[in-house]
Amino acid sequence: MTKTPLQFRLNGAEKAVFTEGGQNLLDVLRREVGDFAPKYGCGQGACGVCTVLVDGEPRLSCLTLAETVQGQAVETTSGLADGPELHVLQTAFMEHFAAQCGFCTPGMLMAAKALLDTNPTPSRDDVVEAISGNICRCTGYEPIIDAILDAAHNRRRSA
Ligand code: FES
Ligand code: FES
């Protein structure tokens, strides 16, 4: 099968890999680059566990053709913390017990980051809308929503 070169930035680091025709971004991240933060769930765009940011926009990486991120910036939860310093969303998720099994957490965090990066003062409805494509089977969503609102508040306070 023909292999196509692909270059993109992953959490600020340049990556150069070869992709096969039709390979999706999730597959490239996990198999070619070794970033296992985005999870494989349904593989059909229904669960949100594979959510990453591409040039700041949330994308379901299982439905994103890898070749479409040529030259773009991809973010995953692997790049959220700044060394030992957790991202404000990660801290809030811990404080609100917003992760139980944790399988949905990487996708939730990236969907939440996309929201807070564009809307520093989200309403509860804004948060619900932002994570509407992300399924959680454990928490009942309330701790996650509270955590995201708290993170937004804490980020404004420290700005
Ligand atoms: S694995 Fe991508 S939406 Fe479920
Ligand atoms: S914490 Fe288990 S699916 Fe969300």
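This report walks through the sheet, the helices and one cysteine of a predicted model.

## Ground rules

Since we're looking at a predicted model, local features need pLDDT of at least 70 and side-chain atom pairs count only at pLDDT 80 or more, while totals for chains, interfaces and linings use all residues. Residues are numbered from 1 along each chain as its sequence is written, chains are lettered from A and ligands numbered from 1 in the order in which they are written, and side-chain values use heavy atoms, with hydrogens and water left out.

Helices (H or I, at least four residues) and strands (E, at least two) are DSSP runs, numbered from the N terminus.

## The sheet

Start with the open sheet: five strands, in the order S2-S1-S5-S3-S4, with mixed pairing. Two strands count as paired if DSSP finds at least two bridges between them. Strand S2 (13-20) and S4 sit at the edges with a single partner strand each, so one side of each has no neighbour in the sheet. From one strand to the next, the twist averages 40 degrees. For angles like this one, axes are lines fitted to C-alpha atoms (for helices, over the stretch in contact), and the values run from 0 to 180 degrees between N-to-C directions.

S3 and S4 are joined by four bridges in the antiparallel sense, and threonine 51 has leucine 60 of S4 as its bridge partner. The S3 and S4 hairpin has two residues between the strands, and aspartate 55 there takes a positive phi near 50 degrees. S3 also runs antiparallel to S5, with two bridges between them; here leucine 53 stands opposite glutamate 75.

## Helix H3

H3 packs on the sheet, where it touches S3, S4 and S5, and its direction makes about 35 degrees with that of S3. Contact here means heavy atoms within 4.5 Å. How far apart are the end C-alpha atoms of helix H3 (residues 105-118)? They are 20 Å apart, which agrees with the 20 Å that its 14 residues should span at 1.5 Å a residue. The expected span is 1.5 Å times one less than the number of residues.

Of the 14 residues of H3, 12 are buried, so the rest of the structure largely encloses this helix. Buried means under 20% relative accessible area, exposed over 50%, and partly exposed in between (1.4 Å probe, protein chains only). Among the buried ones are Met108, Leu109, Ala112 and Leu116. Besides the strands, the buried residues of H3 pack against helix H2 (88-95), helix H4 (124-130) and helix H5 (142-158). Threonine 105 is part of H3 and counts as buried at 12% relative accessibility. Leaving aside neighbours within four places in sequence, threonine 105 is in contact with Phe93 and Ala99.

## H2 against H5

H2 and H5 pack at an angle of about 135 degrees, their axes 8 Å apart. That makes them oblique to each other; under 35 degrees would be roughly parallel, over 145 roughly antiparallel, 65 to 115 roughly perpendicular, and the rest is oblique. Residues making the contact include Val88, Leu89 and Phe93 of H2, and Ile144, Ile148 and Arg155 of H5.

## Cysteine 47

Is cysteine 47 buried or exposed? Cysteine 47 is buried, with a relative accessible area of 14%.

Cysteine 136 is 89 residues from cysteine 47 in sequence, and the two are 8.3 Å apart in space, C-alpha to C-alpha. Not counting residues up to four places away in sequence, cysteine 47 touches Gly41, Cys42, Gly133, Asn134 and Ile135.
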